[in-house]
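Q: Hey, I'm new to this one. Can you walk me through it?

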Amino acid sequence: MTTPSLIEELVAALGADAVRSGDAIDARYQADWSGTAPVLPLALLRPASTEQVAAALRICHTHRVPVVPQGGMTGLAGGAVPQLDGVALSLERMNAIERVDAAAATITVQAGATLQAVQEAALAQGLLFGVDLGARGTCQIGGNLATNAGGNGVVQYGMAREQVLGLEVVLADGTVLPMLRPMLKNNTGYDLKHWFIGSEGTLGIITRAVLVLRPAPRARVSTLVALPDYASAIRLLRRLQARFPGALAAFELMWDDFFSTSLRWSQMASPLSQAYPFQVLAEVTGHVEADLAEALQNTLGEAMEDGSVLDAVVAQSQAQARALWRIREATAEFPTHLAPINFDISLPLDQIDAFAEECVQALTARWPTQRSFRFGHLGDGNLHLTTDARSLAGGISLAEAEHAVEEIVYGLLAQRGGSVSAEHGIGLHKKPYLHVSRTPAELAAMRAIKQALDPLNLLNPGKVFDLHPFATKAT
Ligand code: FAD
């Protein structure tokens, strides 16, 4: 083992304050939000510049030591969990908002800037960054891009990938790829930045990014809508997209199992007059709040006339809108009330409810006491299904329950050709099921890319998929 010499070289290159080991590594660097067991790495590196990231990777490359990139550690797939024989590299000190160019509508940031800091810097110039999700105060832009995050705004602006003009990336051997060109059009060969977006830290470490900004809408109006059936939810989606072109900012579907449980947890009375099978929380954006609210009322009124909407509440104030959103954001309460087994599934829109129903029926057939909760970013074809492991009778352990439920859900998903990860990534958790959504030819192409960029398999090894066991141990 040459760990002492590795640490000495890292300290010499980065400075003592940027290298920690043993007890000095706080618990928050040892596990993410996915529930994966914590791991104490050989060392924690906290570089302050791209040059320091490159120097650290060069040293680790020489020593054949694996490196696990870390952002805000809010990932839900175990992708940032370190490994015993490797170092963790946190981008948290590289958190500068370098430049907001209001004329070009771009923002240049270091990867460790939190999503919220980027949103606020954009907003200060009357602009908006198109990614938003519940972990905004903690997750980092580097993590958002490495996971190609989705979230609330996808129906309007697309996934994180679509908000990126340029990237700076450091490869496993310390080579810096300065792809920060702030141009939309650039057809000069392969668009390399897209290989790193969504690669979960397995191909390179993202150090800086140039991101696209949009005009910040002056007004937002939220509505909670009750629907008789799933087909009506799709009709409402299309109706709102037609009435508010490019301005539908959220379209979140909640099955009653989720909606009623959320109300109970938060001890809230339902804003609707009675219980319904489906609820949609939608948000539209525009210039004048009163005009927007009126147009929304009219559109919902038309839908009520044809019976595709049963009841609706249009928020009359921002406080009321926040109260509606609290119902949807009860997902943050899952770990408090349940032993959640979470799914993040993507399917063609017309199959989502049938699939969700199949899952609930199959789970109930196996465990009559099972409790599952269904909700999703319907505008994006993204279903989140959560089963409470504690509701599965039979005295099985959490790990056994998780495995058994996954076998059922992914077995059904395989028959429909859906995706096992719509937005959270593969990391460690979904690795056993990657084959459900990718053909052998696709997996071979992914391995070929990994081998080309990281032939020693040092960057986040064992995440997403396993490569052949190259020399990854300390020499
Ligand atoms: P981390 O958890 O630190 O890392 C995630 C992955 O990215 C790891 O594989 C890591 O190695 C890699 N990585 C991190 N930084 C870099 C870098 N600079 N370069 C290369 N690789 C890097 N996700 C959604 O998509 N949509 C949601 O709506 C959503 N809601 C959430 C709500 C809550 C309450 C929570 C806790 C999580 C939610 N997530 C959601 C998941 C998570 O927030 C996102 O995946 C987020 O993008 C992760 O960012 P992070 O900085 O925390 O990354």
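This is a predicted model: local features need pLDDT of at least 70, side-chain atom pairs count only at pLDDT 80 or more; totals for chains, interfaces and linings use all residues.

Q: Okay, how is the protein divided into domains?
A: Into domain 1 (3–92), domain 2 (97–215), domain 3 (219–331) and domain 4 (338–435). The bounds come from an automatic or database domain assignment.

Q: What separates the centres of domain 2 and domain 3?
A: Their centres, taken over C-alpha atoms, are 30 Å apart. The contact uses 5 residues from domain 2 and 6 residues from domain 3; two residues are in contact if their C-beta atoms, placed from the backbone, lie within 7 Å.

Q: And by class, what is on the side of domain 2 that touches domain 3?
A: That side has 1 nonpolar, 4 polar and no charged residues. Ala, Val, Leu, Ile, Met, Phe, Trp, Tyr, Cys and Pro count as nonpolar, Asp, Glu, Lys and Arg as charged, and the others, Gly among them, as polar.

Q: Switching topic: which residues come nearest to the ligand?
A: Gly71, Gly75, Gly79, Gly142 and Gly143, out of 38 residues around the ligand. A residue counts as near if its C-beta atom, placed from the backbone, lies within 6 Å.

Q: Which element gives the largest share of that shell?
A: Helix 4, with 4 residues. Helices (H or I, at least four residues) and strands (E, at least two) are DSSP runs, numbered from the N terminus.

Q: What about the classes in the shell around the ligand?
A: There are 16 nonpolar, 18 polar and 4 charged residues.

Q: Now helix 12: which of its residues are buried?
A: Ile352, Asp353, Phe355, Ala356, Cys359 and Leu363. Buried means 20 or more other C-beta atoms within 10 Å of a residue's own, exposed means 12 or fewer, and partly exposed is in between, with C-beta atoms placed from the backbone.

Q: Which exposed residues sit on the face turned away?
A: On helix 12, Ala354, Gln361 and Ala365.

Q: Last one: where is Val39?
A: In the loop between strand 1 (19–20) and strand 2 (43–45). Val39 is partly exposed, because 16 other C-beta atoms lie within 10 Å.

Key:
Residues are numbered from 1 along each chain as its sequence is written.
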